[in-house]
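The following questions and answers walk through one protein model. Please have the sequence and the structure open while reading.

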Amino acid sequence: MYAATSPSFHRASPRDWLALAVIALPCAVYAMDLTVLNLAVPHLALDLAPSAAQLLWIIDIYGFMVAGALMLMGTLGDRIGRRKLLLIGAAAFALASIAAAMARSAEQLILARALLGLAGATLAPSTLSLIRNIFLDDRERTFAIGVWIACFSAGAALGPLVGGVILTYFGWGAVFLAAVPVMLALLVAGPLLLPEYRDEKAGRLDILSAAQSVIAVLALVYGMKRVAEHGPGLEAAVALALGLVVVGFFLTRQKRLADPMIDLALFAHPGIGAALAINVLAMMGVMGIFVFISQYLQFVLGMSPLEAGLWTAPSGVCFALGSMATPRLVRRWRPVDVLSVGLVCAIAGFLLLTQLRAEPSMGLLMGAIVLMCLGLSPAGTLTTDLVMRLAPPERAGAASGISETSFEFGGAMGIAVLGSLVAASYRLGMEAALLPEGIPPALLEPAQRTLDAAVFGAAKLPEALATPLREAAFTAFSHAVDLAALTCAASALLALLVARARLTRVR
């Protein structure tokens, strides 16, 4: 049996629970930055006029810099102190948020979002490892991790709502400034309420491993995006090959190092390995699909950012409720059974999404969102708690970094893989569509690559040309989202099979 290994005699004090609030709120904000731009895309497109590739990088670069740097930040926290790294990251996050808000070109915004990702990568492993050190009682730690997961999930899901409210009254740059007050509050309250923990036996930090992890992720993502936008080609093949080669060098180096950035031995444990796999598979679906739900509400149904944000708000509530209820559920049923029922619900939700069409069907959409979010919410709490229980206390930072990396990597890969899949499907659908003559190439070519370009282009055409262009774009986008939803359902099904095969003995 994979039983708990930490003592159960130490109860948390009121100060400890206040510390939990201090470290959980920034996680909601940093997760929010993964999705807050979903509703700002039309405003960005009009103001900065980015290319299709630049627009994808503006959306995705934050998540991939987070995923690429999480393992580095987890081990760095073990070495210099987890509270210290958290405060450094909070200050950097605030400064990068201001830089993003002040960006005046697509290149400047991409750079600012990349810096935000590096700063955001310090927050999750630092906070999760602090929870591991503060809450020593098994039940209290499971509940604390549930709160942490709820804030993370709710932040990501509520990003579109927050963005919609802000965009109703302010420009797109203001969506970044919402994080600044929270980070400033953390800088004030952190030294007063948070204890400091570090691994006194930690070895040196390996900069080459850190560089390899970031290069590998970005090369693989770039290759996938090139294939999606332009089809197979030499540039995409070179990028994908580079990413795979660097991954090989990274893994080989970790096996040789006395103080590896990622402890591969942790993956050998059947419980930890299965938990990490489930994290990646679950997050791939939920993080990726919400990008397209936001686009469906705005571009297909014509909602304002605020309206679209309000319709997606229940997702955050469902994630929070499911994460908070999970510790109680596992007191009555086995974790694998709770996970299994949740994943079956998520699969049903993804399949329900395949029925969306250009005509409004909000009941169907809300049913799908509720099933997806409630179904996937137990996965984060249970698998994170399992990883943190099984990892040695002195490796809490590294374990939290690996656990959080699986979340972020799954979410970022979901956005990239599903984004590339939808982009490729949409492009092929538009190229096959029978459109009337007379649409200027300057409008037609962008419209064949992205839905927002088709909507904006149609607005500049006479109705005789605009209507067939919009209809073709909506049809192509609908088929592309169907394919993405089926991919998400397959990912959740694979997570279910892993859970049933590897976690049946977990109590």
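Q: How many aromatic pairs does the structure hold?
A: This is a predicted model in which local features need pLDDT of at least 70 and side-chain atom pairs count only at pLDDT 80 or more, while totals for chains, interfaces and linings use all residues. Residues are numbered from 1 along each chain as its sequence is written, and side-chain values use heavy atoms, with hydrogens and water left out. Rings of Phe, Tyr and Trp (its six-membered ring) pair if their centres lie within 6.5 Å; planes under 30 degrees apart are stacked, over 60 edge-to-face and the rest tilted. The number of aromatic pairs in the structure is three.

Q: Why is the pair of Tyr62 and Phe93 given its class, and what is that class?
A: The ring centres of Tyr62 and Phe93 are 6.5 Å apart. Their planes stand at 80°, so the class is edge-to-face.

Q: Which helices hold Tyr62 and Phe93?
A: Helices are DSSP runs (H or I, at least four residues) and strands likewise (E, at least two), numbered from the N terminus. The pair links distant parts of the chain, its residues being 31 apart. Tyr62 is in helix H3 (residues 52-80) and Phe93 in helix H4 (residues 82-101).

Q: Are Trp172 and Phe176 buried or exposed?
A: Trp172 and Phe176 form an edge-to-face pair, at 6.5 Å centre to centre and 85° between the planes. Buried means under 20% relative accessible area, exposed over 50% and partly exposed in between (1.4 Å probe, protein chains only). By that scale Trp172 and Phe176 are both buried.

Q: What is the distance between the end C-alpha atoms of H4?
A: The expected span of a helix is 1.5 Å times one less than its number of residues. For the 20 residues of H4 that gives 28 Å. The end C-alpha atoms agree with this, at 28 Å.

Q: Is Ile98 buried or partly exposed?
A: Ile98 lies in helix H4, whose buried residues include Phe93, Ser97 and Ala101. At 32% relative accessibility, Ile98 counts as partly exposed.

Q: Where is Leu434, and is Leu434 buried or exposed?
A: Leu434 sits in the loop between helix H16 (396-432) and helix H17 (441-447). Its C-alpha atom is separated by 8.7 Å from that of Pro468, 34 residues apart along the chain. At 85% relative accessibility, Leu434 counts as exposed.

Q: What share of the 507 residues is buried?
A: The protein has 19 helices and zero strands. Of its 507 residues, the buried share is 61%.
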